[in-house]
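Good morning, and thank you for coming.

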Amino acid sequence: MTRMKALLVGLGQIGCGYDIDQPFYQDQPCSGAVTWTHARALVCHPQVELVAAVDPSPQARERFSAVYSCPAFADVQACFQGLGHKEVDLVVVAVPPSLQPPLVEQLLARCSPRMLLLEKPVAISVQAAERLRQACLRHPNLVVAVNYIRRYLPVVLELQSQLQAGDFG
């Protein structure tokens, strides 16, 4: 089995902070009590190898590397220099929306992932979102997805209630 190589960009709360202190086992989904971050989801997925992370904060990089035994770099350029010619299949971008369009352009200039997962919102203006869209369109085989937490939607809450009540067997 070939594992998908993943790069995580952004080591804030959704990147790795929310569940950093919770125990887990690598390559074992649901091995911890919670999985609230991209880092945890990637590290616990048996078909994914988290190869590196990027964040400008030295403290965030140190904390991440200590928990996940994975290199973390200050910026995209340093990351790809550090990785050498290793290609990545999946890039998860968990940075503020003002940074996403130029960051995606930087990433796509250095690698050709099969998948790109962006946190919402993806930009701070329609023009910036269009810039991001155009950058992605230059890579016709790239699958782009936007993460959207659905746990607070009324329809999801109702479904969860029905599941817990045993309405579906």
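Which residue forms a salt bridge with Lys 5? Glu 49 does, and the closest N and O atoms are 3.0 Å apart. The two residues link distant parts of the chain, since Lys 5 lies in strand β1 and Glu 49 in strand β2 (residues 48-54), 44 residues apart. Lys 5 is partly exposed at a relative accessible area of 25%, and Glu 49 is partly exposed at 28%.

A salt bridge is a side-chain nitrogen of Lys or Arg within 4 Å of a carboxyl oxygen of Asp or Glu. Strands (E, at least two residues) and helices (H or I, at least four) are DSSP runs, numbered from the N terminus. Buried means under 20% relative accessible area, exposed over 50%, and partly exposed in between, with a 1.4 Å probe and protein chains only. The model is predicted: local features need pLDDT of at least 70, side-chain atom pairs count only at pLDDT 80 or more, and totals for chains, interfaces and linings use all residues. Residues are numbered from 1 along each chain as its sequence is written, and side-chain values use heavy atoms, leaving out hydrogens and water.

By this rule there are five salt bridges. One of them joins Arg 3 to Asp 27, with the closest N and O atoms 3.0 Å apart. Arg 3 lies in the segment before β1 (4-9) and Asp 27 in the loop between α1 (13-17) and α2 (38-44), so the pair ties together parts that are 24 residues apart in sequence. Arg 3 is partly exposed at 25%, as is Asp 27 at 26%.

Finally, Glu 130 and Arg 133 meet in a salt bridge at 3.0 Å, N to O. Both lie in helix α6 (residues 126-137), three residues apart, about one turn of the helix.
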